[in-house]
Amino acid sequence: MAAKRSLGNLSEQKIFAPEENSAARMDPEKLSRFERIATRMFHSPQLGAKEVGIPAISRAGRQLSEMINDTYRTFYFVSVLRVDMVYIVLIGTLLGIYNTLIRPLMGIAYDKTRTRWGKSRPYLVVGPLFYYGATALMFCGRLFIDNDITDDPRKILFIFVTMMIRDTFSLIYKLPLDSYLTLMTPCPEDRMKVGLWQTYAYKWSGDFVAAMLMPLLEAARSGWIKASPAMIFAFFGIFSAFLGTGGGLLLAITCRERILLQPQPAPTSKTLFYILKNKYAMRSFFLGLAGSWWSKGGYAWDVVQQMEIFGGAFRSMPWYIPRQLMQIVSLSLVAPFKKMFGGNYRKTVMFMRIWDMIFGSCAGVLGLLFPNQILGTWWKAGLVFAFFDGLIVSNDAPSDIMEAELGRRAGDYTEYVTGERPDGTFGLITMFAGKITDPLRALTTIAVFKWTGYDPNIAANRAWTQDRVRENITMYSKVFLLENFSDLIPWLLGFIYLIFFDIEGKKMDDMYAALNERRALIAKEDAKSAEMEAMIEMMAQEEAIAGGKA
């Protein structure tokens with residue numbers, strides 16, 4: 001028995017222990033040659049104004065595309081292009097199977113990539129052209145197929161093909177883009193600065209869509225402008241594609257990768273198990289799987305809230321003003337929040353999660369408990385929404401920036417214990433697990449519509465009346481709950497993840513010291529990265545000058 005226990009312990013240590021060539025296990029004496037440079041790499045900003053600003057432009061273009069695609073795509077398919085919801089769910093399920101087959105190849109290819117231009121940059125030249133091109137074409141569909149036949153096979157095929165192209169190039173573009181900032185600089189101050197400007201960009205670009213799309217649709221419906229809903233969606237699709245493609249190409253051309261990875265990546269058969277060596281990635285994976293069945297019920301409930309509960313886009317506009325104002329306030333609160341709890345990001349983000357969970361549930365619950373008093377009058381419903389939505393948004397910027405930095409720390413931990421950055425392989429595992437729940441997600445979408453009693457097969461020009469809301473008050477109270485309560489599940493799962501996150505203080509300092517020492521060692525020994533070598537050489541000269549003055 002003792003022998004078996006010993007063998008089991010050795011096996012467990014082999015699986016979960018750091019890799020031999022990782023920063024966690026390399027000879028300290030060998031790494032110590034770069035100790036002072038590693039410290040400077042961690043504390044010395046490297047990015048200029050161009051490398052701070054261009055990622056923000058790229059993020060704005062991506063947010064425009066994601067906002068219109070993730071928030072309004074189903075609304076567009078059902079209410080503008082006019083396709084039955086059953087076909088939309090079926091297409092989503094089929095594409096889930098397709099993604100399961102094709103995405104592993106892309107993830108593996110990304111992890112294997114080592115070029116003179118870096119790891120991510122080559123993908124950012126090709127990926128945006130197809131990803132954004134397919135998105136623009138998808139939202140121009142009604143211009144090509146202009147009828148109200150909800151089972152028209154041409155529409156169904158059109159949606160399937162454009163979504164397949166978009167999904168194919170989604171990972172080939174998004175994965176390198178998401179990883180790019182961690183490859184640009186080893187300095188957290190740089191990453192936070194870029195993150196701040198990206199937060200500015202994506203919030204304003206996302207709100208641009210939210211603020212403009214619904215009023216334009218209403219103006220078209222009322223005859224105030226000579227434009228159909230199809231033309232409005234086509235404009236937003238093309239505009240987002242133009243900005244997204246341009247931003248992605250600018251990022252690839254002008255922003256360098258300074259972080260050097262080991263020249264010969266490990267075999268995929270090995271990196272598939274590297275997630276076992278990162279307890280933070282494992283927790284995130286299981287919690288993500290636990291919540292992957294939910295996607296806000298699979299419909300743009302914000303559209304229903306604006307057009308049918310608040311009485312149209314123009315009546316809705318005052319209730320979104322607090323959101324705009326509090327977003328500006330939240331940007332000014334980044335520094336104060338960074339100092340909260342002694343600079344411990346984990347505790348600060350946990351505090352903000354609790355804040356979001358409390359106030360995020362209030363509007364929806366009040367609407368469900370007191371539907372006639374709140375939803376029976378459009379301005380009362382708007383006032384309740386505006387008050388609690390403004391409170392939630394007040395911590396958006398610091399929350400986004402600090403959560404992103406915690407995520408980057410967890411990603412850096414993988415490199416610390418394995419010597420690799422297998423982002424594609426990790427994405428593979430997460431994607432496979434997520435696809436398992438695709439049928440459940442589809443069933444959840446159908447169940448949500450059945451629970452609310454809401455019929456999504458309505459035209460985009462459906463006229464609003466307060467009486468119709470009162471006559472269907474129970475249905476609309478459930479819709480109001482979905483829109484204002486539906487983020488509670490991801491908030492709760494994220495809070496559980498943060499409870500066990502401990503890359504703070506000395507543990508964080510020690511990890512980055514060893515990680516940057518190893519990066520410097522690779523750069524000097526393999527001479528594969530001119531950017532990394534130049535940065536190390538500059539820091540070494542600064543150290544020599546400082547030593548001479550002393």
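## A loop residue with positive phi

Phe341 lies in the loop between helix 16 (334-339) and helix 17 (345-369), where helices are DSSP runs of H or I with at least four residues, strands are runs of E with at least two, and both are numbered from the N terminus. Although Phe341 is not a glycine, its phi is positive, at about 55 degrees. Most residues other than glycine have a negative phi. Phe341 counts as partly exposed because its relative accessibility is 43%; buried means under 20% relative accessible area, exposed means over 50%, and partly exposed lies in between, with a 1.4 Å probe and protein chains only.

A positive phi, of about 65 degrees, is also found at Arg82, which is not a glycine. Arg82 sits in the loop between helix 4 (49-80) and helix 5 (85-112), and Arg82 is buried, with a relative accessible area of 15%.

## Basis of the model

This is a predicted model, in which local features need pLDDT of at least 70 and side-chain atom pairs count only at pLDDT 80 or more, while totals for chains, interfaces and linings use all residues. Residues are numbered from 1 along each chain as its sequence is written, and side-chain values use heavy atoms, with hydrogens and water left out.

## The chain as a whole

The chain has 27 helices and zero strands, and buried residues make up 55% of its 550 residues. Of the contacts in the chain with a separation of 6 or more, 87% are between residues 24 or more positions apart, a contact being heavy atoms within 4.5 Å.

## Helix 8

Helix 8 (residues 153-184) has 32 residues and spans 46 Å from its first C-alpha to its last, close to the 46 Å expected at 1.5 Å a residue; the expected span is 1.5 Å times one less than the number of residues. A kink of about 35 degrees is centred on Ser170, the bend at a residue being the angle between axes fitted to the seven residues ending there and the seven starting there.

## Nonpolar cores

The largest nonpolar core has 63 residues, of which Tyr72, Phe75, Leu213, Met214, Phe233 and Trp301 touch the most other members; such a core is a set of buried Ala, Val, Leu, Ile, Met, Phe, Trp, Tyr and Cys residues joined through side-chain atoms within 4.5 Å. Helix 4 supplies the largest share of this core, nine residues. Leaving aside neighbours within four places in sequence, the contacts of Phe233 include Ile68, Tyr72, Phe75, Phe139 and Leu217. A second, separate core of 34 residues includes Ile392, Ile503, Met511 and Ala514.

Helix 25 (residues 488-499) has twelve residues and reaches 17 Å from its first C-alpha to its last, close to the 16 Å expected at 1.5 Å a residue. Its buried residues are covered by elements including helix 12 (279-291), helix 17, helix 19 (378-393) and helix 20 (396-418).

Trp491 is found in helix 25 and counts as buried because its relative accessibility is 14%. Leaving aside neighbours within four places in sequence, Trp491 is in contact with Arg353, Asp356, Met357, Gly360 and Ile392. Trp491 and Gly360 are 131 residues apart along the chain, and their C-alpha atoms are separated by 9.5 Å.
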